[in-house]
Each structure stands twice: as structure tokens, then as C-alpha cells.
Amino acid sequence: MSRAPEETVTDQPLIVPEFGSTADPFDPMRAALWMRGAFDTAVREGVVGLAWFDARLKSVRDRRIDEAGRREMRELLTRPEVARLPVP
């Protein structure tokens, strides 16, 4: 359930243009669970868009999504809260 407008930062739709997590070799499900938590929070708070940051950069830890994260992302994308745009 979204918060009432008077309890939010803005009355405009909110999009998170970039979010992500690094894989934890000691806890392979950590990033996937974080991803699910971020998605659930976004839905609860009325965020209308999320974009996952998936890249390998020299200056920071590897941000590419791992296999557990890919499975979680595929599952999250099947949820009814996810909008689907027609493919041309």
C-alpha cells in the first residue's frame, strides 16, 4: 500500500534511475534478497520505475548481476506490479 501524499517527499511519480548490489561470495543469496527487499520497498512506497545497474567497472566492485540475482530478477518481473510495454 502506498503512503498518503502528505506523507511522501513529492506528489510526483518517483523513478529510481539506478540501483544495484554486489555479489557476496560468502552469501550467494545476499544480493538477490537485497534486490527483493528494494523491489518490495519501491512497491510499498509507490515508486513507479526502477533501473538495475549491471556493469563491470574498474573503479568499483563488479556490479554485474550474478546467477542468483538473475533468477530473482526473472521472478520479480512476473509480479503483477510490473508494467509491461508492448514490444514493437
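Biologist: Arginine 84 sits in the segment after H2. Why is this residue called exposed?

Modeller: A word first: this is a predicted model. Arginine 84 has a relative accessibility of 52%. Exposed means over 50%. The value 52% passes that cut-off, so arginine 84 counts as exposed.

Biologist: What does arginine 84 touch, beyond its sequence neighbours?

Modeller: Leaving out residues up to four places away, arginine 84 touches Leu77, Thr78 and Arg79.

Biologist: Arginine 79 is in the segment after H2 too. Is arginine 79 buried or exposed, and how do you know?

Modeller: Its relative accessibility is 18%. Buried means under 20%. Since 18% falls under that limit, arginine 79 counts as buried.

Biologist: Which residues does arginine 79 touch?

Modeller: Not counting residues up to four places away in sequence, there are contacts with Arg36, Phe39, Asp40 and Arg84. A contact means heavy atoms within 4.5 Å.

Biologist: Let us go to helix H1. Alanine 32 is found there. What makes alanine 32 buried?

Modeller: Its relative accessible area is 0%. The limit for buried is under 20%. The value 0% is under it, so alanine 32 is buried.

Biologist: Alanine 42 is another residue of helix H1. Why does alanine 42 count as buried?

Modeller: Run the test again. The relative accessibility of alanine 42 is 7%. Buried needs a value under 20%.

Biologist: What surrounds alanine 42?

Modeller: Setting aside neighbours within four places, alanine 42 is in contact with Val47 and Leu50. Valine 16 is 26 residues away in sequence, and its C-alpha lies 8.9 Å from that of alanine 42.

Biologist: Now proline 17, which has its place in strand S1, residues 15–19. Is proline 17 buried or exposed, and how do you know?

Modeller: The relative accessible area of proline 17 is 65%. Exposed means over 50%. As 65% is over the cut-off, proline 17 is exposed. Leucine 50 is 33 residues away along the chain, and the two C-alpha atoms are separated by 6.0 Å.

Biologist: Step back to the whole chain. What is its pattern?

Modeller: There are 2 helices and 2 strands. Along the sequence they follow β-α-β-α. Of the 88 residues, 23% count as buried.

Biologist: What makes up the largest nonpolar core?

Modeller: It has 7 residues: Phe19, Met35, Phe39, Trp52, Ile65, Leu76 and Val82. Take valine 82. Beyond four places in sequence, it is in contact with Phe39, Leu76 and Leu77.

Biologist: Which residues are closest to the centre of the largest pocket?

Modeller: The pocket has a volume of about 460 Å³. Of its 17 lining residues, the closest to the centre are Phe39, Gly49, Leu50, Leu77 and Val82. H1, S2 and helix H2 each supply at least two residues of the lining. By class, the lining has 15 nonpolar, 1 polar and 1 charged residues.

Biologist: How many cavities of 30 Å³ or more are there?

Modeller: The search finds 1. About 40 Å³ of space lies in the largest cavity. Its lining has 5 nonpolar, 3 polar and 2 charged residues. Among them are Met35, Trp52 and Ile65.

Biologist: What is the confidence in this model?

Modeller: The average pLDDT is 80, and 78% of the residues score at least 70. Helix H1 (residues 30–45) has the highest mean, 89, and strand S2 (residues 49–52) the lowest, 85.

How values were computed. Residues numbered from 1 in each chain as written. Predicted model: local features only at pLDDT ≥ 70, side-chain atom pairs only at ≥ 80, totals over all residues. Heavy atoms only, no water. Core = buried A, V, L, I, M, F, W, Y, C linked by side-chain atoms within 4.5 Å. Buried < 20%, exposed > 50% of the residue type's maximum accessible area, 1.4 Å probe, protein only. pLDDT = per-residue confidence, 0-100. Helix = DSSP H or I, 4+ residues; strand = E, 2+ residues; numbered from the N terminus. 1 Å grid on protein atoms, 1.4 Å probe; cavity = no way out; pocket = protein on both sides within 12 Å on 5 of 7 lines; lining within 4 Å. Points joined across faces, edges and corners; volume = space filled by probe spheres on them. Nonpolar A, V, L, I, M, F, W, Y, C, P; charged D, E, K, R; others polar.
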